[in-house]
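Reader: I would like to learn how to read helix packing and a chain interface. Please take me through one case.

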Amino acid sequence: MSQVVVDDLGATALGAGTPAEAGFEPGGRGAPRRAVRFFLRRPGLVLSGVVVVLVVLAAFWPGLFTAQDPLHGSPADFFQAPGGAHWFGTDELGRDVFSRVVHGAQLSLKATLIALAVAFVAGGLIGLIAGFVGRWVEDVLMRFVDVLLSIPALFLSLALVTALGYGTVKVAVAVGVASVASFARVMRSEVLRARQAVYVEAARSCGARWYSVLIRHVLPNAIGPVVVLATLEIGTAILAVSSLSFLGYGAPPPAPEWGTLISDGRNYLANAWWLTALPGLTIALTVLATNRIARALDGEWARQR
Amino acid sequence: MRRYVIRRLAQAVGVLWAAYTVSFLVLDFLPGDPVSAMAGGGSDSTPIDPAQIARLRHEYGFDKPVFLQYLDYLGKALRGDFGDSISTGRSVTSTLAAALPQTLELAGAALLLAVLFGGGLAVVATYTNRRWLRQGLLSLPPLGVSVPTFWIGLMLVELFSFRAGWFPAFGNDGLGGLVLPAVALAIPTGAIVAQVLAKSLLTTLDEAYVETAKAKGAGRVRIHLRHALRNASLPALTVVGLLAGQLMANSVVIETVFSRDGLGRVTAGAVTVQDIPLVQGVVVFGSLIFVVVNLIVDLVYPLLDPRIVVASGRRASFA
């Protein structure tokens, strides 16, 4: 939520700045040259793209990066410092930490995507219905959203974890529900904006049914900023999921989820710094990269035009 | 002014009621009920007499329809009674009240650090004419919001407790024990404060009254601190209110990292053993603190910007 709060307030509190327009399709001629120039001026953005691609590759094909077994190691090699044989060192059972981080990408990415999907679909639906139907339905739904916003996200997630139980998927759902509110708000405001547009009025007066107005005119024009919000929320979701799995509510022990790796390494902080430092650095890099890309989508590209 | 205050108070009460209701609903989804959790909880699984379970269920009111249970609990909650913790048997209210001071101390210290350093960073970054300094300072906040809080905490322990030996690695004792957790907690919060304040300072410095002040011969420092900062601090203040919730939540994680007593450890423990009354108490308590802080922020607004009360049509909503 952090990044969203910042941008939201920047826009509303100052009364300046436009809502994030989804202007990321390059239009017209000269688009490739423009794209090249855009990226050449932003080496950080390119690097972020590389990091995200690597993480996604690691999630789907961990074998590309490491041939070592993440779950079984040779106990003789325990607590080896990072080096040529083991890039991230080995843990107390002699397991290769780099391999565990690579294989952990799958669990963490899965949890992040589930969380986003829950927030996107549920929040989007609430916002869509509230914005399109209006009247008392809107009042009821948006009051509900206000309440969700007033419960600190992690507390809401913790309550849900208490109710649902432990596990990667359940933690992901809990994180997703906690960020439903921000999606609902953005979706509603976009639907309200789109609904008042002239083309919607035109479609109505041509006799289009409400559902075709909704699906063919309002939804496509309202969804852009919600997609941008989703990219902004990736980093937040990764952090929330890893916090919950750090607290021990994620996948059960042998599984190498990123947060779990750090909480395992915590016991050996004094003699094996790499068990906590390097997985944490991986999380931080991933979040930094997704946040950078989200910021680029959220306006930078459109503004440059 | 009085009407403004009354309306904000009424809103706060409404939000609290709703937060209670939402937490009740969420925790009611739980398959089974706390009594069977209590009965099946022990590892020495001696079968428990069904009649005894039924009596316990009756005692806790779980045999009544959900709606009646809800009214029953709401009535008690209004009187400050959130029931008894299932795991310890102590009353939820007193458990939370005992844990609260440590957490408030931690969160307060973190907030202070966050505002001082985050705000300071924003002011310096927007004031300086040196490009490298500005760029360097402004690249820090995005870094700060990307790093997991618990990891910062662990790294601080590694560097300053184990290597340097300057601060204790865990526990609640004294000011020394407060430094590392407060710093860890302050970094993500301060980063957001810095982002918002820098953004709004840059916008404010373009305003016409800044030009006027310049034309009248005011110095740069005076313009920056007296004219721009005062006006630019409104969005930052809103964010501080919103961050109160995040601070409380992050303290759950940080208290676990540093093995500090407080609300966070109570929460983590309660979730682990599915102690529903306690978790519900924590959720409502968390919202209460969030609501109170935002109420204070809203009441401070008119002091900074008198236009807010005049424009009473404006809906002062959360977030």
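This is a predicted model: local features need pLDDT of at least 70, side-chain atom pairs count only at pLDDT 80 or more; totals for chains, interfaces and linings use all residues.

Reader: How many helices and strands does chain B have?

Author: Helices (H or I, at least four residues) and strands (E, at least two) are DSSP runs, numbered from the N terminus. Chain B has 14 helices and zero strands.

Reader: How is a packed pair of helices described?

Author: Two packed helices are described by the angle between their axes and the distance between the axes. Axes are lines fitted to C-alpha atoms, for helices over the stretch in contact, with angles from 0 to 180 degrees between N-to-C directions. In chain B, the axes of helix 8 (residues 149–163) and helix 11 (residues 220–257) come within 9 Å and cross at roughly 30°. Helix 8 of chain B is therefore roughly parallel to helix 11 of chain B (angles under 35 degrees count as such).

Reader: How many residues of chain A are in contact with chain B?

Author: Two residues are in contact if their C-beta atoms, placed from the backbone, lie within 7 Å. Here 44 residues of chain A are in contact with 55 residues of chain B. Helix 6 of chain A gives the largest share of chain A's side, nine residues.

Technical notes: Residues are numbered from 1 along each chain as its sequence is written. Chains are lettered from A and ligands numbered from 1 in the order in which they are written. Angles under 35 degrees count as roughly parallel, over 145 as roughly antiparallel, 65 to 115 as roughly perpendicular and the rest as oblique.
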